[in-house]
Amino acid sequence: MKEVVINLAYLLASAMFVIGLKGLTHPRTAVRGNLTGALGMLLAIVVTLIDQRIIGYEVIIAGAVVGGLIGAVFAIKIQMTAMPQMVALFNGFGGGASVLVAGAALIESGIIEVSGSMTQLVVATVFSGLIGSVTFWGSLIAMFKLWEKVVPGGNVTFPGLQVVNAILAIICVALGVMIIMDPTNITLYWGLVAAAGVMGILLTIPIGGADMPVVIALLNSYSGLAAAATGFVLSNNVLIIAGSLVGASGLILTSIMCKAMNRSLANVIFGKLAPAEGAATADEVYAGKVKAASPEEVAMLFDTARRVVFVPGYGMAVAQAQHVVRDLANWLTSNKGAEVEYAIHPVAGRMPGHMNVLLAEANVPYDQLKEMDEINPTLDTADVAMVIGANDVVNPVARTDPKSPIAGMPIIDVDKCRTVVIVKRSLSPGFAGIPNPLFAADNTLMMFGDGKKALLELVAALKEG
Amino acid sequence: MESFVFTLTIFVLAVFLGFEVITKVPPTLHTPLMSGSNAISGITIIGAILSAGTKLTILTTTLGFLAVVFATINVVGGFMVTHRMLDMFRRK
């Protein structure tokens, strides 16, 4: 009877996860959705605690207190600009938990009778350990790369890296088979976890910069799949359902990110962006054609602008310029009656939706945040487009040069706006490493400088004028 | 074997359900979606609680304890930070 109650409660919790995720389909219902999910989790935890196999609570409570404190401090203290690092780290903890739970379940299966099928438990344990360990170590590397501490943020690679990865993959498969043949040898499991961990590190370390959104989304998916695999280990449906929801979510985001760069997942993970042979050099593209403008000159431009579009990129996050952008936008709407929108490329920033969160933090209403596909057809009616710390996502070469590394990547067509203002420190290339002809276009003005400082000067100039 | 097919059925259907639901989440909420789904993947806490609570051996209890720590960070941190972000979207 108790078993039935527990399983019904798990069913209810699973339903609450689905309803919770459904809530995320609109900003208005999203808060409630998240709370529904949290409540579902609480329900699942509470009914698990009444399980008769539990003989003492002190270890559980100790773990929950430690984990709860760490989690809460992170959640309260983390800056919105550092959100990619935190999500990466949390993905890792999810994978790590799966590795530990599956390992413990494997050991327990040698001591007490298992509730489900032993074969299913052992095979699922192999998957859980493999995916979980790749997720844990891969996420730690991703976190350090995003943080740009310990591990450099850019591409780190060495010759023979893929050979090493292939050998590691073979070792993992061999160990997996050996575990299935002899589940009592726990050392094999830890060997698998170690090999998968090294593979997780080596798969993540060569990927850098603007490819990070794909990596985080993929690791997010893995953390879900690891949880689902653990569900097979324990023959527990709520783990399987919750895990596969997360796995599906991460896969969708991964595919959206890849499409937004017109690259395959394999190309992001194993490939390398390199400028094509014979492509125009920076000197050829820029020489004598780049027009620099002072904040005062740009202020005059804004004086007559009726429709202004801001295009934020990772540079805005680095410069913490989102609040100044909001001030500028507010001033333009209230003093000039201008219509202001934000055009957001799917891969702008270091994780899916990164720019939206930063702008929401700066109190920008979400209905001003426009998706690329939505705003592109209307850009020819915009008077001023202001690009802040973005580069490759507005590079028209993506449309014109089929040999370029970003060929075919959908971009925000700011070059169609009447005037384009680029706020940027220098003419240095973006992640793709190629020059951007937009910077030398007739209708483009470069406002060089640190994003925040340059915009503060612009706002001051506008208020004076 | 029969129970495995049953479990597999649930897994496959849940993946399809996930695709259906998540496709409708707008790009503006993709970051909260990631942190929120991350919190949900902390569901492994259930397995962690069982290992930490049944105390079969010192090793399984230790593994259970560490797993409870990891999963609780995920659950508590994930739902809280998602709430913090979504609150910013709701403000206006």
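Hi everyone, let me start in chain B: in α2(B), the buried residues are H30(B), T31(B), P32(B), L33(B), M34(B), S35(B), G36(B), S37(B), N38(B), A39(B), I40(B) and S41(B). Before I go on, please keep in mind that this is a predicted model. That list amounts to twelve of the twelve residues of α2(B), so the helix is mostly covered, with buried meaning 20 or more other C-beta atoms within 10 Å.

L24(A) sits in the loop between α1 and α2 of chain A. Is L24(A) buried or exposed? L24(A) is buried, because 28 other C-beta atoms lie within 10 Å. Leaving out residues up to four places away in sequence, L24(A) touches A30(A) and G33(A) in chain A, and V25(B), L29(B), P32(B), L33(B) and G36(B) in chain B.

How many residues does each chain bring to the contact? Chain A brings 99 residues and chain B brings 79. On the chain A side, the elements that each supply at least two residues are α1 (2-23), α2 (27-49), α3 (58-77), α4 (83-109), α8 (212-234), α9 (237-261), α15 (354-361) and β3 (369-371). Of these, α4(A) gives the largest share, with 17 residues. By class, this side of chain A has 60 nonpolar, 32 polar and seven charged residues.

Let's look at the core next. The largest nonpolar core has 200 residues, and those touching the most other members are L192(A), V311(A), A385(A), V387(A) and V68(B). Its largest share, 18 residues, comes from helix α4 of chain B, residues 58-90. I'd like to zoom in on V68(B), whose contacts take in both chains: I60(A), G63(A), A64(A) and G67(A) from chain A, and I45(B), A48(B), I49(B) and A52(B) from chain B, with residues up to four places away in sequence not counted.

Now, on to the domains of chain A. The domain assignment gives domain 1 (1-77), domain 2 (82-270) and domain 3 (282-464). The centres of domain 1 and domain 2 of chain A, taken over C-alpha atoms, are 23 Å apart. Eight residues of domain 1 are in contact with six residues of domain 2. On the domain 1 side, α1(A) gives the most, six residues, and the residues on that side divide into seven nonpolar, one polar and no charged.

Domain 3 of chain A runs over residues 282-464, and α18 of chain A covers 451-464. This helix has 14 residues and reaches 20 Å from its first C-alpha to its last, close to the 20 Å expected. Which residues of α18(A) are buried? They are G451(A), A454(A), L455(A), L458(A), V459(A) and L462(A). Seen down the helix axis, these buried residues fall within an arc of 140 degrees, so they line one face of α18(A). The spacing has a simple background: an α-helix has 3.6 residues a turn, so residues three or four places apart point the same way. On the other side of α18(A), K463(A) and E464(A) are exposed. The cover over the buried residues includes α12 (295-303), α13 (314-318), α14 (322-336), β4 (384-388), β5 (419-424) and β6 (444-448) of chain A.

Finally, a few loop residues. A293(A) lies in the loop between α11 (282-286) and α12 of chain A, and its C-alpha is 7.8 Å from that of F448(A), 155 residues away in sequence. Beyond its neighbours within four places, A293(A) is in contact with V298(A), L445(A), M446(A) and M447(A). S235(A), in the loop between α8 and α9 of chain A, is not a glycine, yet has a positive phi of about 50 degrees. N363(A), in the loop between α15 and β3 of chain A, also has a positive phi, near 70 degrees. S235(A) counts as partly exposed because it has 19 C-beta neighbours inside 10 Å, and N363(A) is partly exposed with 13.

Technical notes: Residues are numbered from 1 along each chain as its sequence is written. Chains are lettered from A and ligands numbered from 1 in the order in which they are written. This is a predicted model: local features need pLDDT of at least 70, side-chain atom pairs count only at pLDDT 80 or more; totals for chains, interfaces and linings use all residues. Helices (H or I, at least four residues) and strands (E, at least two) are DSSP runs, numbered from the N terminus. The expected span of a helix is 1.5 Å times one less than its number of residues. The arc is that of the directions from the helix axis to the C-beta atoms. Two residues are in contact if their C-beta atoms, placed from the backbone, lie within 7 Å. Ala, Val, Leu, Ile, Met, Phe, Trp, Tyr, Cys and Pro count as nonpolar, Asp, Glu, Lys and Arg as charged, and the others, Gly among them, as polar. Domain bounds come from an automatic or database domain assignment. A nonpolar core is a set of buried Ala, Val, Leu, Ile, Met, Phe, Trp, Tyr and Cys residues joined through C-beta atoms within 7 Å.
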